[in-house]
Amino acid sequence: NGGYGAICAAGDHANTLHWVRNDGDLRPGELILIDAGIEVDSLYTADITRTLPISGTFSPAQRRVYQAVLDAQDAAAKVARVGHDHAEIHQAAIRVICEYLAEWGILPVSVEDALSPEGGQFRRWMVHGTSHHLGIDVHDCALARREEYLGAELLPGMCLTVEPGLYFKAEDLAVPEEYRGIGVRIEDDILVTEEGAENLSAALPRTPDDVEAWM
């Protein structure tokens, strides 16, 4: 069984965060974002996202956006370990996202200004948190008190998602035309251990080259 209603969003639909109508055409040259996970007999659920090139290969612009999200995910996973918390995972991801947005001339302020408490300009293109607990519910303990959930130190045995994204709507004139209509999210399920983070969904291809070979 599916652990939740899957999101299957092609082209500009990927830029609608929860595109659950799962309709629309699959067009050559576009991407499809698939957010899905099985629920196993123990009632524990997976929660994984892959963004795939419908034609089998990424365009140069799609590959740049994909690599930015992948780098953000790698940075976030490095701090998904004992002694850190959800806020640090998010900060690690959005710093990389902001660095890429600045490099592409999209971010309207400096990286440090965007990351400051008064900033947040990146939220136009990275519109959600980077991580949540995962277990018997796909957003396990989402109603727990903040100090027991988002503000709590990560402990061995906790399972988390790590899922940064970049979403450039087709009509967004603040981004270069080549990026408009591209939406990318990469999500894996991470087990916190004493040694670090174990990627439970590593068998699914993640890098752009591996995704193309898989396609």
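This text walks through the predicted model from the overall fold to single residues.

The model is predicted, so local features are taken only at pLDDT of at least 70 and side-chain atom pairs only at pLDDT 80 or more, while totals for chains, interfaces and linings use all residues. Numbering starts from 1 along each chain as its sequence is written, and side-chain values use heavy atoms, with hydrogens and water left out.

Start with the fold. The chain has four helices and eight strands. Helices (H or I, at least four residues) and strands (E, at least two) are DSSP runs, numbered from the N terminus. Their order is β-β-β-α-α-α-β-β-β-β-β-α. The radius of gyration is 17 Å, close to the 17 Å that the globule rule gives for 215 residues, so the chain is as compact as a globular protein of that length. That radius is taken over C-alpha atoms, and the rule is 2.2 Å times the number of residues to the power 0.38. Along the principal axes, the C-alpha atoms fill a box of roughly 45 × 40 × 30 Å.

Next, packing and surface. Of the 215 residues, 47% are buried. Buried means under 20% relative accessible area, exposed means over 50%, and partly exposed lies in between (1.4 Å probe, protein chains only). Contacts mean heavy atoms within 4.5 Å. Among contacts with a separation of 6 or more, 67% join residues 24 or more positions apart. The chain exposes about 10,500 Å², and carbon and sulfur atoms supply 52% of that area. Accessible areas come from the Shrake-Rupley method with a 1.4 Å probe; for residues, only the protein chains shown count as cover.

Charge comes next. There are 16 positive and 36 negative side chains. Lys and Arg count as positive, Asp and Glu as negative; His and the chain ends are not counted. The centres of the two sets lie 5 Å apart, with each charge placed at NZ of Lys, CZ of Arg, CG of Asp or CD of Glu.

Now turn to the loop between strand E2 (31-36) and strand E3 (48-53), where Thr45 is found. Thr45 counts as buried because its relative accessibility is 8%. Its side chain reaches the backbone oxygen of Ile38 at 3.4 Å. Setting aside residues up to four places away in sequence, Thr45 touches residues including Gly3, Tyr4, Leu134 and Asp137. Asp137 is 92 residues from Thr45 along the chain, yet their C-alpha atoms are separated by 6.6 Å.

Asp47 lies in the loop between E2 and E3. At 3% relative accessibility, Asp47 is buried. Its side chain makes a polar contact with the side chain of Tyr4 at 2.8 Å. A polar contact is a pair of N or O atoms within 3.5 Å; within protein, one must be able to donate a hydrogen and the other to accept it, and residues adjacent in sequence count only if both atoms are side-chain atoms. Beyond four places in sequence, the contacts of Asp47 include Asp35, His132, Thr161, Glu187 and Asp189. The C-alpha atoms of Asp47 and Thr161 are separated by 7.1 Å, across 114 residues of chain.

Leu43 lies in the loop between E2 and E3. Leu43 is partly exposed, at 47% relative accessibility. Its phi is near 80 degrees, a positive value in a residue other than glycine. Most residues other than glycine have a negative phi. Asn22 has a positive phi of about 50 degrees although it is not a glycine. Look for Asn22 in the loop between strand E1 (7-10) and E2. Asn22 is partly exposed, with 34% relative accessibility.

Move to helix H1 (residues 60-78), which holds Gln73. Gln73 is buried at a relative accessible area of 3%. A polar contact of 2.9 Å joins its side chain to that of Asp188. Outside its sequence neighbours up to four places away, Gln73 also touches residues including Val162, Pro164 and Arg206.

Ser201 lies in the loop between strand E8 (197-199) and helix H4 (208-214). Ser201 is buried, at 6% relative accessibility.

Finish at Ala170, in the loop between strand E5 (165-167) and strand E6 (183-185). Ala170 is partly exposed, with a relative accessible area of 39%. Leaving aside neighbours within four places, Ala170 is in contact with Asp12, Arg180 and Gly181. The C-alpha atoms of Ala170 and Asn15 are separated by 8.5 Å, with the two residues 155 apart along the chain.
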